[in-house]
Amino acid sequence: MTRQTKIVIAVLTLLVGALVGTEIYAQARLQQLMIEKLTHAQKLLEGIATAKFDKIEKHANELIRISKTAEWLANKQPRYEQFSNDFARSAEGIVKKAREKNIDGVTLGYFDLTSSCVRCHQYLREIRDARAPGLERDLAGLKGERIK
Ligand code: HEC
């Protein structure tokens with residue numbers, strides 16, 4: 001192996017390492033955000049059940065903040081953005097109703113918000129399921145196997 005080859009390999013190894021590191025970091029940040037999201041959604045329900053409007057407003061605002069972070073918006077699919085907007089809009093609706101001290105409005109808003117959690121997750125499962133067979137096919141193609 002020549003000296004140049006060794007340098008090229010060293011540089012490539014560093015680059016790949018940096019890329020993998022960035023990806024792992026982004027994944028960890030997303031994971032952290034998801035835990036925060038769940039916590040605020042639970043605290044929000046607690047606020048609703050006890051009719052504490054300041055608590056409701058606080059946690060709904062935290063959910064809006066989370067939905068605007070870079071990690072949350074990393075998925076650039078138009079449909080994901082749509083789900084994300086629905087989520088933020090439901091949380092904004094809750095803030096508005098909390099300011100009006102309208103407990104029924106807040107409760108309906110929470111139902112809206114929960115539906116948006118379910119719809120986005122359902123969508124994520126769908127694209128994951130749709131992607132899996134395609135990946136298998138690509139790998140088979142790479143290995144020169146016949147595509148089933
Ligand atoms: C715009 C899309 C979107 C919305 C809306 C959304 N999530 Fe998520 N959620 C994600 C993504 C992306 C992940 C990361 C894991 C994945 O890819 O499945 C995730 C993961 C989670 C996880 C971790 C699951 C696991 O397998 O570790 C929880 C818990 C969670 N979300 C709760 C909620 C709750 C509660 C709401 C509503 C208040 C909500 N999510 C709304 C996109 C969304």
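**Notes on the predicted helical model**

1. Running from the N terminus, the elements follow the order α-α-α-α.

2. A word on the overall packing. The protein has 148 residues, and 15% of them count as buried. Taking contacts between residues at least 6 apart in sequence, 55% link residues at least 24 apart.

3. Now to the ligand, which has 15 residues around it; Met34, Ala41, Phe87, Cys117 and Cys120 are the closest. Helix H1 (3-49), helix H3 (78-99) and helix H4 (103-142) are the elements that each supply two or more residues to this shell. H4 is the biggest contributor, giving six residues.

4. What classes of residue make up the shell around the ligand? Sorted that way, there are 11 nonpolar residues, three polar and one charged.

5. H3 is worth a look of its own. With 22 residues at 1.5 Å a residue, H3 should span 32 Å, and the C-alpha atoms at its ends are 32 Å apart, so the two values agree.

6. Which residues of H3 are buried? They are Phe83, Phe87, Ser90, Ala91, Ile94, Val95, Lys97 and Ala98.

How values were computed
Residues numbered from 1 in each chain as written. Predicted model: local features only at pLDDT ≥ 70, side-chain atom pairs only at ≥ 80, totals over all residues. Near = placed C-beta within 6 Å. Helix = DSSP H or I, 4+ residues; strand = E, 2+ residues; numbered from the N terminus. Nonpolar A, V, L, I, M, F, W, Y, C, P; charged D, E, K, R; others polar. Expected span 1.5 Å × (residues − 1). Buried ≥ 20, exposed ≤ 12 C-beta atoms within 10 Å, placed from the backbone. Contact = placed C-beta atoms within 7 Å.
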